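Please open the model in your viewer and keep the sequence panel beside it. The stops below tell you what to select next and what to look for there.

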Amino acid sequence: MDVQYNINMAHLKQLAPMGVINDREGHSNAEHYVDALRIRTPGLRQRARNLSGGNQQKIVLAKWLCNDVKLLIVDEPTRGIDVGAKYEVYELFNRLSDQGVAIIMISSELPEVLGMSDRILVVHEGTINGELDAKKTNQEEILYLAAGYNKTKKAQ
């Protein structure tokens, strides 16, 4: 589908309160998020699949942000996108965090985890194996917990 539809699809209840979609409001909403997230597209009717991976990722984020979310859960949000698009996604997450949006980010990229997090929960085999302060930890501590070790448990 096109950029406008993709951005608005999770927002249809607000755009169609009487069961008929308000195209003008939908267009305005999509334009707002294209500008706010700096989505590079020739137009709102451009098919999303024809855009770069980074711009596709930003469209997915816009889809949920237009619902005024207070919690955003993202899984590998920068996988497969170029460095410039990663930077833009990081800037967006920082702006959202500054606005009070809580972000739970699942990532296997340790530099990304360390650079974007306040708190890090490390999961091993489906269980939280440790909680770290991102400002006071390093990759080695994260890997130690990810491998199943835990400094707080006594050796058996």
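A residue is called buried when its relative accessible area is under 20%, exposed when over 50%, and partly exposed in between (1.4 Å probe, protein chains only). This is a predicted model, in which local features need pLDDT of at least 70 and side-chain atom pairs count only at pLDDT 80 or more, while totals for chains, interfaces and linings use all residues. Residues are numbered from 1 along each chain as its sequence is written, and side-chain values use heavy atoms, with hydrogens and water left out.

Select Q4 in helix 1 (residues 3-8); helices (H or I, at least four residues) and strands (E, at least two) are DSSP runs, numbered from the N terminus. Q4 counts as buried because its relative accessibility is 6%. Apart from neighbours within four places in sequence, Q4 is in contact (heavy atoms within 4.5 Å) with D23, G26, H27, A30, L44 and R45.

Next, select strand 1, where L72 and V74 form the covered face, whereas L71, I73 and D75 form the uncovered one. Strand 1 pairs with strand 2 in the parallel sense over 5 bridges (DSSP must find at least two for a pair), and V74 stands opposite M105 in strand 2.

Now select helix 5, which covers residues 83-98. Which residues of helix 5 are buried? They are A85, K86, E88, V89, Y90, L92, F93 and L96, and these pack against helix 4 (53-65), strand 1 (71-75), strand 2 (102-106) and helix 6 (110-116).

Conventions
Expected span 1.5 Å × (residues − 1).
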